[in-house]
Amino acid sequence: MSAAFPDFRLGNVLATSFTGTLSERHGNAVERIPTPHRLVDWLAVNGLAVDSCTTAQLDLARELRESIHAAATAAAIQDALPASAVQVINDRSAQGRAAAILTPEGKRRWQLSPASCVEDALSVIAADAISIIAGERDGKLALCASPTCQAAFFDTSQSRTRKWCDMNTCGNRQKKARFNANQRKNPRSAE
């Protein structure tokens, strides 16, 4: 993968990891799939390899990403799901061809056929979003506490009190800011 693009922020949950391809939504937004080829890279990293992607398919992917983000955000704050977001998620879910496969470890994995296209991969992402937003999985939707991020993420921690979408980015940034603020208040405490 090219160093010219920002790294992917990979998570354990496909749908919320996909919404993380646009980060810092309330600050200086970082687009992690700026080109069709970059979407192909992201899909491959997440086990949904496709051969190619057009600009129109990238637009469909971004529309799905924003719809998942809107619906997950609404679900996290226990608000009504936006009808337009629900429609896009349902449309993408119904339009693809993918098979659920049981692994030897007893986990579900999605398999695309060798002739699969971006729409097939998007259907898997949409189906994953549906299972999370519908409350079918053990965990809870939450919003990142970072004021510049506020990404929706799926909290599977035991206490369900996770604050940040990613401890390595948002969490560390917030802890560093808090530490620096404390150092400015109490300059002698560093000695």
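**Entry 1. Helix 2 and its cover**

I take contact to mean heavy atoms within 4.5 Å. The structure I examined is a predicted model. With that cut-off in hand, I looked up what lies over the buried residues of helix 2, and I found that the covering elements include helix 1, helix 3 and helix 5. How many of the 10 residues of helix 2 are buried? I recorded seven, so I describe this helix as mostly covered, with buried meaning under 20% relative accessible area. The buried residues are Pro36, Arg38, Leu39, Val40, Asp41, Trp42 and Leu43. I also noted Gly47, which comes just after helix 2 and takes a positive phi of about 75°.

**Entry 2. Nonpolar cores**

I next turned to the largest nonpolar core, which has 34 residues. Which of its members touch the most other members? I listed Phe18, Leu39, Leu64 and Ile125. The elements that each give two or more residues to this core are helix 1, helix 2 (36-45), helix 3 (55-76), helix 4 (83-95), helix 5 (118-133) and strand 6. Helix 5 gives the most, with eight residues. I then followed Ile125 in particular: leaving aside residues up to four places away in sequence, Ile125 touches Leu14, Ala15, Phe18, Trp42, Leu43, Leu48, Leu64 and Ile68.

**Entry 3. The largest pocket**

I looked up the largest pocket and recorded a volume of about 420 Å³. Its lining comprises 21 residues, and those nearest the pocket centre are Gly11, Asn12, Thr16, Arg162 and Cys165. Which elements each supply at least two residues of this lining? I found helix 1 (14-19), strand 1 (22-23) and strand 6 (152-155). Sorted by class, the lining holds nine nonpolar, eight polar and four charged residues.

For the second largest pocket I recorded about 160 Å³ of space. The residues that line it are Asn12, Val13, Leu14, Arg108, Arg109, Trp110, Asp128 and Arg137. Which strand gives the most to this lining? I identified strand 4 (residues 108-111), which contributes three residues. By class I counted three nonpolar, one polar and four charged residues in the lining.

Conventions. Residues numbered from 1 in each chain as written. Predicted model: local features only at pLDDT ≥ 70, side-chain atom pairs only at ≥ 80, totals over all residues. Heavy atoms only, no water. 1 Å grid on protein atoms, 1.4 Å probe; cavity = no way out; pocket = protein on both sides within 12 Å on 5 of 7 lines; lining within 4 Å. Points joined across faces, edges and corners; volume = space filled by probe spheres on them. Helix = DSSP H or I, 4+ residues; strand = E, 2+ residues; numbered from the N terminus. Nonpolar A, V, L, I, M, F, W, Y, C, P; charged D, E, K, R; others polar. Core = buried A, V, L, I, M, F, W, Y, C linked by side-chain atoms within 4.5 Å. Buried < 20%, exposed > 50% of the residue type's maximum accessible area, 1.4 Å probe, protein only.
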